[in-house]
Amino acid sequence: MRPHKSRYWLTSQDRREAPEQYQADVEKICGTYRDAPQLALQGTHVMSTDEKTGMQALERLHETKPVLPGLVERVEFEYIRHGTLSLIANFEVATGRVLSPSIGPTRSEVDFAAHIDKTIDADPGATWIFIADQLDTHRCASLVQLVARRCGIEEDLGVKGKHGIRQSKKTRRKFLEDTSHRIRFVYTPRHCSWLNQVEIWFSILARRLLKRSSFTSTEDLRRRTLAFIEYFNNVLAKPFRWTYSGRPLQA
(Lines give C-alpha, C1' and ligand atoms only; values in the text may rest on other atoms or scores of the structure.)
Protein backbone atom coordinates (compact mmCIF):
# COMPACT_ATOMS: atom_id res chain seq x y z
CA MET A 1 0.00 0.00 0.00
CA ARG A 2 1.12 3.56 -0.82
CA PRO A 3 -1.34 5.84 1.01
CA HIS A 4 0.72 8.95 0.21
CA LYS A 5 -0.05 8.61 -3.52
CA SER A 6 -3.22 9.42 -5.43
CA ARG A 7 -4.43 10.01 -8.96
CA TYR A 8 -7.37 11.78 -10.58
CA TRP A 9 -10.35 9.69 -11.61
CA LEU A 10 -13.53 10.85 -13.28
CA THR A 11 -16.26 8.64 -14.72
CA SER A 12 -18.05 10.19 -17.68
CA GLN A 13 -21.49 11.48 -16.72
CA ASP A 14 -22.76 10.20 -20.06
CA ARG A 15 -21.53 6.71 -19.20
CA ARG A 16 -23.67 6.67 -16.04
CA GLU A 17 -26.80 8.35 -17.41
CA ALA A 18 -26.95 6.92 -20.95
CA PRO A 19 -24.54 3.98 -21.27
CA GLU A 20 -25.77 2.88 -24.71
CA GLN A 21 -25.41 6.36 -26.19
CA TYR A 22 -22.02 6.72 -24.49
CA GLN A 23 -20.78 3.49 -26.07
CA ALA A 24 -22.12 4.51 -29.48
CA ASP A 25 -20.32 7.89 -29.25
CA VAL A 26 -17.04 6.24 -28.24
CA GLU A 27 -17.25 3.76 -31.11
CA LYS A 28 -18.06 6.57 -33.54
CA ILE A 29 -14.92 8.48 -32.49
CA CYS A 30 -12.71 5.39 -32.80
CA GLY A 31 -14.25 4.51 -36.14
CA THR A 32 -13.56 8.02 -37.43
CA TYR A 33 -9.90 7.68 -36.41
CA ARG A 34 -9.71 4.28 -38.10
CA ASP A 35 -11.20 5.61 -41.32
CA ALA A 36 -9.21 8.87 -41.40
CA PRO A 37 -6.41 7.66 -43.78
CA GLN A 38 -8.93 6.37 -46.32
CA LEU A 39 -11.05 9.50 -45.97
CA ALA A 40 -7.95 11.62 -46.61
CA LEU A 41 -7.43 9.83 -49.93
CA GLN A 42 -10.99 10.85 -50.82
CA GLY A 43 -10.32 14.51 -49.97
CA THR A 44 -11.88 14.54 -46.50
CA HIS A 45 -10.01 16.23 -43.64
CA VAL A 46 -10.48 14.65 -40.20
CA MET A 47 -9.44 17.19 -37.58
CA SER A 48 -9.17 16.73 -33.83
CA THR A 49 -9.89 20.19 -32.43
CA ASP A 50 -9.75 21.81 -29.01
CA GLU A 51 -8.39 24.74 -27.01
CA LYS A 52 -5.34 24.92 -24.77
CA THR A 53 -6.25 27.74 -22.43
CA GLY A 54 -4.21 29.71 -19.93
CA MET A 55 -0.81 29.36 -21.61
CA GLN A 56 1.32 31.53 -19.34
CA ALA A 57 4.02 33.87 -20.59
CA LEU A 58 6.40 33.34 -17.67
CA GLU A 59 9.81 34.97 -17.75
CA ARG A 60 12.42 33.35 -15.50
CA LEU A 61 14.02 35.99 -13.30
CA HIS A 62 17.41 34.28 -13.51
CA GLU A 63 19.11 32.30 -16.24
CA THR A 64 18.48 28.55 -16.40
CA LYS A 65 21.60 26.48 -15.77
CA PRO A 66 22.11 23.92 -18.55
CA VAL A 67 22.67 20.19 -18.19
CA LEU A 68 26.27 19.28 -17.31
CA PRO A 69 27.97 15.92 -16.64
CA GLY A 70 26.55 14.76 -13.32
CA LEU A 71 24.11 17.69 -13.05
CA VAL A 72 20.50 18.06 -14.22
CA GLU A 73 19.13 21.27 -15.70
CA ARG A 74 18.56 23.83 -12.93
CA VAL A 75 15.64 26.27 -13.22
CA GLU A 76 15.26 29.28 -10.94
CA PHE A 77 11.87 29.28 -9.19
CA GLU A 78 11.30 33.06 -9.38
CA TYR A 79 9.55 34.42 -12.45
CA ILE A 80 7.66 37.40 -13.88
CA ARG A 81 4.11 36.98 -15.22
CA HIS A 82 3.38 38.62 -18.58
CA GLY A 83 -0.18 37.34 -19.09
CA THR A 84 -1.79 34.37 -20.79
CA LEU A 85 -2.95 33.26 -24.23
CA SER A 86 -5.30 30.59 -25.54
CA LEU A 87 -4.44 28.29 -28.43
CA ILE A 88 -7.12 26.70 -30.63
CA ALA A 89 -5.48 23.90 -32.59
CA ASN A 90 -6.40 21.27 -35.19
CA PHE A 91 -4.55 17.97 -35.21
CA GLU A 92 -5.00 16.29 -38.60
CA VAL A 93 -5.53 12.63 -37.75
CA ALA A 94 -4.29 11.18 -41.06
CA THR A 95 -1.02 13.16 -41.25
CA GLY A 96 -0.19 14.14 -37.67
CA ARG A 97 0.22 17.79 -38.66
CA VAL A 98 -1.19 20.78 -36.76
CA LEU A 99 -3.15 23.02 -39.13
CA SER A 100 -4.42 26.62 -38.96
CA PRO A 101 -3.66 27.37 -35.28
CA SER A 102 -5.37 30.37 -33.69
CA ILE A 103 -3.75 32.16 -30.74
CA GLY A 104 -5.35 35.01 -28.82
CA PRO A 105 -6.34 36.32 -25.38
CA THR A 106 -9.80 34.69 -25.40
CA ARG A 107 -11.56 31.54 -26.64
CA SER A 108 -15.15 32.71 -26.96
CA GLU A 109 -17.92 31.49 -29.26
CA VAL A 110 -16.82 34.08 -31.81
CA ASP A 111 -13.17 32.99 -31.53
CA PHE A 112 -14.00 29.32 -32.11
CA ALA A 113 -16.28 29.99 -35.08
CA ALA A 114 -13.62 32.25 -36.62
CA HIS A 115 -11.04 29.50 -36.10
CA ILE A 116 -13.20 26.91 -37.88
CA ASP A 117 -13.87 29.38 -40.69
CA LYS A 118 -10.13 30.00 -41.12
CA THR A 119 -9.43 26.26 -41.09
CA ILE A 120 -11.96 25.59 -43.86
CA ASP A 121 -10.34 28.35 -45.92
CA ALA A 122 -7.28 26.08 -46.23
CA ASP A 123 -9.32 23.83 -48.57
CA PRO A 124 -12.71 25.50 -49.16
CA GLY A 125 -14.25 22.85 -51.38
CA ALA A 126 -13.25 19.83 -49.30
CA THR A 127 -15.20 17.78 -46.79
CA TRP A 128 -14.33 18.49 -43.17
CA ILE A 129 -14.96 16.37 -40.06
CA PHE A 130 -14.11 18.04 -36.75
CA ILE A 131 -13.79 15.93 -33.60
CA ALA A 132 -14.51 18.06 -30.54
CA ASP A 133 -15.76 17.86 -26.98
CA GLN A 134 -19.14 19.17 -25.85
CA LEU A 135 -18.04 22.60 -24.67
CA ASP A 136 -20.84 25.11 -25.24
CA THR A 137 -18.74 27.08 -27.75
CA HIS A 138 -18.39 23.91 -29.83
CA ARG A 139 -22.19 23.72 -30.21
CA CYS A 140 -22.91 27.43 -30.52
CA ALA A 141 -25.31 29.36 -32.72
CA SER A 142 -22.43 31.08 -34.54
CA LEU A 143 -21.10 27.67 -35.57
CA VAL A 144 -24.50 26.63 -36.92
CA GLN A 145 -24.62 29.79 -39.02
CA LEU A 146 -21.09 29.16 -40.27
CA VAL A 147 -21.78 25.56 -41.32
CA ALA A 148 -25.04 26.56 -43.00
CA ARG A 149 -23.30 29.32 -44.97
CA ARG A 150 -20.34 27.15 -45.97
CA CYS A 151 -22.59 24.24 -47.02
CA GLY A 152 -25.07 26.42 -48.88
CA ILE A 153 -27.97 25.53 -46.56
CA GLU A 154 -30.69 28.12 -46.95
CA GLU A 155 -33.38 26.81 -44.60
CA ASP A 156 -34.53 28.89 -41.63
CA LEU A 157 -32.17 28.26 -38.71
CA GLY A 158 -34.55 29.59 -36.08
CA VAL A 159 -33.77 31.77 -33.08
CA LYS A 160 -31.46 30.89 -30.19
CA GLY A 161 -33.45 30.10 -27.05
CA LYS A 162 -36.81 30.16 -28.86
CA HIS A 163 -37.29 27.80 -31.82
CA GLY A 164 -35.68 26.01 -34.74
CA ILE A 165 -32.19 24.62 -35.24
CA ARG A 166 -30.52 27.31 -33.13
CA GLN A 167 -32.94 26.90 -30.23
CA SER A 168 -30.85 24.75 -27.86
CA LYS A 169 -27.58 22.90 -27.50
CA LYS A 170 -29.42 19.69 -28.37
CA THR A 171 -30.91 21.03 -31.61
CA ARG A 172 -27.64 22.71 -32.59
CA ARG A 173 -25.67 19.52 -31.97
CA LYS A 174 -28.07 17.48 -34.11
CA PHE A 175 -27.55 19.94 -36.99
CA LEU A 176 -23.76 20.07 -36.60
CA GLU A 177 -23.52 16.25 -36.51
CA ASP A 178 -25.63 15.76 -39.65
CA THR A 179 -23.69 13.33 -41.87
CA SER A 180 -25.26 14.79 -45.01
CA HIS A 181 -23.35 18.05 -44.46
CA ARG A 182 -19.98 18.61 -46.11
CA ILE A 183 -18.79 20.14 -42.84
CA ARG A 184 -19.78 18.31 -39.69
CA PHE A 185 -18.75 17.58 -36.11
CA VAL A 186 -18.30 14.38 -34.13
CA TYR A 187 -18.55 14.92 -30.37
CA THR A 188 -16.82 13.02 -27.59
CA PRO A 189 -18.88 12.02 -24.54
CA ARG A 190 -18.67 14.38 -21.58
CA HIS A 191 -15.49 14.10 -19.48
CA CYS A 192 -13.78 12.05 -22.19
CA SER A 193 -11.02 14.41 -23.33
CA TRP A 194 -8.72 11.36 -23.51
CA LEU A 195 -10.59 10.41 -26.69
CA ASN A 196 -9.52 13.62 -28.45
CA GLN A 197 -6.14 13.15 -30.14
CA VAL A 198 -5.25 16.85 -30.05
CA GLU A 199 -4.95 16.51 -26.26
CA ILE A 200 -1.98 14.20 -26.83
CA TRP A 201 -0.38 16.87 -29.00
CA PHE A 202 -1.03 19.51 -26.33
CA SER A 203 1.06 17.41 -23.91
CA ILE A 204 3.89 17.41 -26.48
CA LEU A 205 3.68 21.20 -26.73
CA ALA A 206 3.75 21.56 -22.94
CA ARG A 207 6.75 19.24 -22.46
CA ARG A 208 8.86 20.47 -25.36
CA LEU A 209 8.14 24.21 -25.25
CA LEU A 210 5.98 25.67 -22.50
CA LYS A 211 7.42 23.90 -19.45
CA ARG A 212 11.09 24.65 -20.14
CA SER A 213 10.95 28.10 -21.72
CA SER A 214 11.12 31.70 -20.58
CA PHE A 215 8.92 34.24 -22.40
CA THR A 216 9.41 37.99 -22.30
CA SER A 217 5.83 38.82 -23.35
CA THR A 218 2.62 37.30 -24.68
CA GLU A 219 3.81 38.23 -28.17
CA ASP A 220 7.01 36.26 -27.55
CA LEU A 221 4.87 33.31 -26.39
CA ARG A 222 2.69 33.56 -29.50
CA ARG A 223 5.65 33.81 -31.87
CA ARG A 224 7.54 30.89 -30.35
CA THR A 225 4.42 28.70 -30.19
CA LEU A 226 3.82 29.24 -33.92
CA ALA A 227 7.51 28.55 -34.59
CA PHE A 228 7.28 25.29 -32.65
CA ILE A 229 4.19 24.25 -34.62
CA GLU A 230 6.04 24.91 -37.88
CA TYR A 231 9.04 22.89 -36.63
CA PHE A 232 6.76 20.07 -35.45
CA ASN A 233 5.00 19.89 -38.82
CA ASN A 234 8.28 19.82 -40.75
CA VAL A 235 10.27 17.45 -38.52
CA LEU A 236 8.16 15.53 -36.00
CA ALA A 237 4.66 15.16 -37.41
CA LYS A 238 3.27 11.67 -37.83
CA PRO A 239 -0.12 10.07 -37.12
CA PHE A 240 -0.68 8.76 -33.63
CA ARG A 241 -1.00 4.97 -33.43
CA TRP A 242 -4.52 4.75 -32.05
CA THR A 243 -5.09 1.21 -30.74
CA TYR A 244 -8.31 1.67 -28.74
CA SER A 245 -11.22 0.21 -30.70
CA GLY A 246 -14.07 1.48 -28.54
CA ARG A 247 -14.65 -1.70 -26.53
CA PRO A 248 -15.91 -1.06 -22.99
CA LEU A 249 -13.14 -0.41 -20.46
CA GLN A 250 -13.26 -1.97 -17.03
CA ALA A 251 -14.34 0.59 -14.42
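**Close-up 1. Aromatic pairs in the predicted model.** This predicted model holds ten aromatic pairs. Take Trp128 and Phe130: their ring centres lie 5.9 Å apart and their planes meet at 10°, so this pair is stacked. Both Trp128 and Phe130 are buried. A cluster of ring pairs links Trp128 and Phe130 with Phe185 and Tyr187.

**Close-up 2. The pair Trp201 and Phe202.** These two rings form a tilted aromatic pair. Their centres are 5.9 Å apart, with 55° between the planes. Trp201 has a relative accessible area of 0%, and buried means under 20%, so Trp201 is buried. Phe202 has 3% relative accessibility and therefore also counts as buried.

**Close-up 3. The largest nonpolar core.** This core has 23 residues. Those with the most contacts inside it are Ile116, Trp128, Phe130, Leu143, Phe175, Leu176 and Phe185. Five elements each supply at least two of its residues: helix H3 (109–121), strand E4 (127–132), helix H4 (141–151), helix H5 (169–176) and strand E5 (183–187). H4 gives the largest share, five residues. In soluble globular proteins, nonpolar side chains tend to be buried together.

**Close-up 4. Around Leu143.** Leaving aside residues up to four places away in sequence, Leu143 touches Phe112, Ala113, Ile116, Thr137, His138, Leu176 and Phe185. Ile116, Leu176 and Phe185 are also among the residues with the most contacts inside the largest nonpolar core.

**Close-up 5. Another core.** A further core of 19 residues lies apart from the largest one. Among its members are Met55, Leu85, Val198 and Ile204.

Key:
Residues numbered from 1 in each chain as written. Predicted model: local features only at pLDDT ≥ 70, side-chain atom pairs only at ≥ 80, totals over all residues. Heavy atoms only, no water. Phe/Tyr/Trp six-rings, centres within 6.5 Å; stacked < 30°, edge-to-face > 60°. Buried < 20%, exposed > 50% of the residue type's maximum accessible area, 1.4 Å probe, protein only. Core = buried A, V, L, I, M, F, W, Y, C linked by side-chain atoms within 4.5 Å. Helix = DSSP H or I, 4+ residues; strand = E, 2+ residues; numbered from the N terminus. Contact = heavy atoms within 4.5 Å.
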